[in-house]
Amino acid sequence: SSGINAEYGGVTNLRKQLHFIPVFLRIKFKICLMIHKCLNDGAPEYLKELIQRKTPNPDHDLRCDETELKKDYTTKFTSTQRSAFQVIGPRWWNDLPKALREVEKEATFTSRLKSYFFSVAYD
């Protein structure tokens with residue numbers, strides 16, 4: 001037997017050894033990184049305007065995680081609109097662990113985000 005299967009035990013093991021994450025998670029990585037830049041003044045204004053943090057409501061006794069983003073639940077979206085940055089970005093951001101969302105330094109966030117998605121893909 002020869003090729004990738006013999007040498008690496010399959011394509012998945014090769015990707016794991018090369019520290020590659022699957023395409024879908026790479027897309028999530030890029031979107032979450034852009035959200036991080038929006039929240040930390042590293043993105044263009046037109047993108048920052050699309051993203052809003054949740055804010056505590058003093059009229060309700062609900063705990064509010066200020067690292068989460070507002071999501072628009074009032075609008076019915078078409079399939080194309082559901083994949084738009086301002087719709088899918090907050091959903092994917094809010095799905096990240098809170099400790100990861102709290103990281104402010106971009107280099108640290110990028111490294112931890114890639115490690116997080118790597119563990120999602122291969123653990």
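D41 is exposed, since its relative accessible area is 63%; here exposed means over 50% relative accessible area, buried under 20%, and partly exposed in between, with a 1.4 Å probe and protein chains only. This is a predicted model, in which local features need pLDDT of at least 70, side-chain atom pairs count only at pLDDT 80 or more, and totals for chains, interfaces and linings use all residues. Residues are numbered from 1 along each chain as its sequence is written, and side-chain values use heavy atoms, with hydrogens and water left out.

D41 pairs with K48 in a salt bridge at 3.4 Å, N to O. The term salt bridge stands for a side-chain nitrogen of Lys or Arg within 4 Å of a carboxyl oxygen of Asp or Glu. E45 and K48 both belong to helix α4, where three residues, about one turn of the helix, separate them. An α-helix has 3.6 residues a turn, so residues three or four places apart point the same way. K48 counts as buried because its relative accessibility is 18%, while E45, at 49%, counts as partly exposed.

## Another salt bridge

The whole structure has four salt bridges. One of them joins E102 and K98, at 3.8 Å from N to O. E102 is partly exposed, with 42% relative accessibility, and K98 is partly exposed as well, at 43%.

## The chain as a whole

Let's step back for a moment. The secondary structure comprises eight helices and zero strands; helices (H or I, at least four residues) and strands (E, at least two) are DSSP runs, numbered from the N terminus. Of the chain's 123 residues, 30% are buried. The accessible surface is about 8500 Å², and carbon and sulfur atoms supply 50% of that area; these areas come from the Shrake-Rupley method with a 1.4 Å probe, and for residues only the protein chains shown count as cover.

Contact here means heavy atoms within 4.5 Å. Among contacts in the chain with a separation of 6 or more, 56% are between residues 24 or more positions apart.

## Where α3 crosses α6

The axes of α3 and helix α6 (residues 85-95) come within 9 Å and cross at roughly 95°. Axes are lines fitted to C-alpha atoms, for helices over the stretch in contact, and angles run from 0 to 180 degrees between N-to-C directions. On the α3 side the contact includes F24, I27, K28 and I31, and on the α6 side F85, G89, P90, W92 and W93. In α6, eight of its 11 residues are buried, among them W92, W93 and N94.

K28 sits in helix α3 (residues 23-39). K28 is buried but has no salt bridge, and D95, the nearest side chain of opposite charge, is 5.1 Å away; Lys and Arg count as positive and Asp and Glu as negative, with His and the chain ends not counted. Beyond its neighbours within four places in sequence, K28 touches W92 and F117.

K70 lies in the loop between α4 (45-48) and α5 (79-82). K70 counts as partly exposed because its relative accessibility is 41%. K54 is 16 residues from K70 in sequence, and their C-alpha atoms are 5.1 Å apart. Setting aside neighbours within four places in sequence, K70 is in contact with Q52, R53, K54 and P90.
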